[in-house]
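Hi,

Here is the structure I promised to pass on. Have a look at it first, and then read my notes below.

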Amino acid sequence: MNFPLYIAKRYLFAKKNNNVINIITRIAIIGVAVGSMALITVLSVFNGIEGLVISMYNAFDPQIKITAAQGKVFNPQEIYSIKEHPAVAYFTEVLEENALIKYKDKQFIGTIKGVDENFVPMSRLDTMLTEGSFWFNNTQENYAVVGYGIAANLDINLLNMATPLYLYVPKRTANIHSRPEEAFNVMPVYPSGIFSVQYEFDTKYILVPITFARDLLLYKNEVSAIELGLK
């Protein structure tokens, strides 16, 4: 028999129930067991929190993001072949730009993020809605999904579908000094949902269809980034 095991059994299962070493050994075993259980529980909780935080940040920080080496935008047709790579699950075209957001008599500076149909399944942002639904357009109007911080600052009411958001972006070729009122492109969009991820995202982003963003920014096929989700 293994000598250490023999000694352990000798003092753990001593014949005398009032043996001091027996009692101390059992107390030590219970202490180690409780400590181990507590450590496993804490580590499990932290693993769950880490997974939750990563999933939240992945809504706006994809696994791989391709941006222009020079300038703000580029033509995505040059890299469409990446879609066929066996490791790529989602290929999402993105167009971002800062804008003035106006709702009724209130204003807020944010970032419009135009996305295509692959963005929702890649980011799973539809699971982080606090109000409304995640849909962008129908046959007549365009809709936007707004960060909670922006919605709070503008006091957006999703039940009031008759009042749109107005997005103002500077024209790239406009002469502001001549006629300032003509230096901006302005387009309306209706809020359909409000998301909440992290404060820095909730107070920054308003999501719109990428076709709407291109019309507003006067682009044809350009994107500011390609976001990839991996299998």
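Predicted model: local features only at pLDDT ≥ 70, side-chain atom pairs only at ≥ 80, totals over all residues.

Let me start with strand β5, which spans residues 143–147. Its 5 residues are buried, 5 of 5, so the strand is largely enclosed by the rest of the structure. On one count, β5 is joined to strand β7 (residues 184–195) by 5 bridges, and these two run parallel. In that pairing, Y143 stands opposite Y190 of β7. Strand β5 also pairs with strand β8 (residues 205–209), here through 2 bridges and in an antiparallel arrangement. V145 stands opposite L207 of β8.

Next, the cores. The largest nonpolar core has 34 residues, and the members touching the most others are L154, I156, L165, L167 and I206. Strand β2 (residues 88–103) gives the most to this core, with 6 residues. Another core, of 16 residues, lies apart from it; F60, F119, M122 and L207 are among them. As for L165, its contacts beyond four places in sequence include I101, V146, L154, I156, M187, V189 and I206.

Finally, which residue might you look at in the loop between α4 (148–154) and β6 (165–170)? I picked T163, which lies there. T163 has a relative accessible area of 18%, and the cut-off for buried is under 20%, so T163 counts as buried. Its side chain makes a polar contact with the side chain of N160, at 2.8 Å. Beyond four places in sequence, T163 touches Y103, K104, Y190 and P191.

Best wishes

Definitions and conventions: Residues numbered from 1 in each chain as written. Heavy atoms only, no water. Buried < 20%, exposed > 50% of the residue type's maximum accessible area, 1.4 Å probe, protein only. Helix = DSSP H or I, 4+ residues; strand = E, 2+ residues; numbered from the N terminus. Pairing = 2+ DSSP bridges. Core = buried A, V, L, I, M, F, W, Y, C linked by side-chain atoms within 4.5 Å. Contact = heavy atoms within 4.5 Å. Polar contact = N/O pair within 3.5 Å; in protein donor to acceptor, adjacent residues only side chain to side chain.
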